[in-house]
Amino acid sequence: YGRLIVDNAQAYFAESVDGVPTIYTCRKFFGVADGAFVMTDARLGHELPRDESYQRMGFLLGRFERTASEFYKDYVANNTFFDNEPVKRMSKLTTNLLRGLDYDAIQRRREENFAYLDQRLGKRNELSLVRPPGPFMYPLLLRGGRELRKQLQAQKIYIPTLWPDVFDICQPEDREYDWAANILPLPVD
């Protein structure tokens, strides 16, 4: 391929391939507001500035004591923040929080929860699945998934839409559009 970068943003526990730069994100897997890293043989030509994340932790802390919906706008703002943010070294706060995690236990729990959901929903799932190591979510593809997502939201059960930009660039008859609309990424954390 010449130049290739693997995006493992939804595959934190997947091993990288020697010689292939691979990007991982911590935000989707752990209770942190930021943090990502790249596995690469390349060396940076200069020192990157260190990020600071203390001001972006409010929505995470608030969800422990109140409902997720109260902090949804802050969550969205945090995700949007990174759209134009330059690459930096991970903040000291995020680095320290990540050091306190039992990664083996987290991976095992995610795999157990994935298996639990697959045992109960696999026959209804229109996707044929192979469980990845420490999965990000359980992708449940159902006809009418979009409507079910709305019904769950009315009951304060929030299932995100993966790839919402697909609705702007694809047609309703496209497979990409169908999957973006009807895959329910059920949490396994």
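Predicted model: local features only at pLDDT ≥ 70, side-chain atom pairs only at ≥ 80, totals over all residues.
**Figure 1. The fold, end to end.** Residues are numbered from 1 along each chain as its sequence is written, and side-chain values use heavy atoms, leaving out hydrogens and water.

**Figure 2. What's tucked inside.** Of the 189 residues in the chain, 32% are buried, meaning under 20% relative accessible area with a 1.4 Å probe, protein chains only. The C-alpha atoms fill a box of roughly 50 × 45 × 35 Å along the principal axes.

**Figure 3. Charges on the chain.** Count up the side chains and you get 26 positive and 27 negative ones, with the centres of the two sets 4 Å apart. Lys and Arg are the positives, Asp and Glu the negatives; His and the chain ends don't count. Each charge is placed at NZ of Lys, CZ of Arg, CG of Asp or CD of Glu.

**Figure 4. Who supplies the pocket lining?** α2 (72–81) is among the elements that each give at least two residues to the lining of the largest pocket, and α2 gives the most, with 5 residues. Also in that group are α1 (58–65), α4 (103–121), α5 (145–154) and β5 (183–187).

Conventions
Buried < 20%, exposed > 50% of the residue type's maximum accessible area, 1.4 Å probe, protein only. Helix = DSSP H or I, 4+ residues; strand = E, 2+ residues; numbered from the N terminus.
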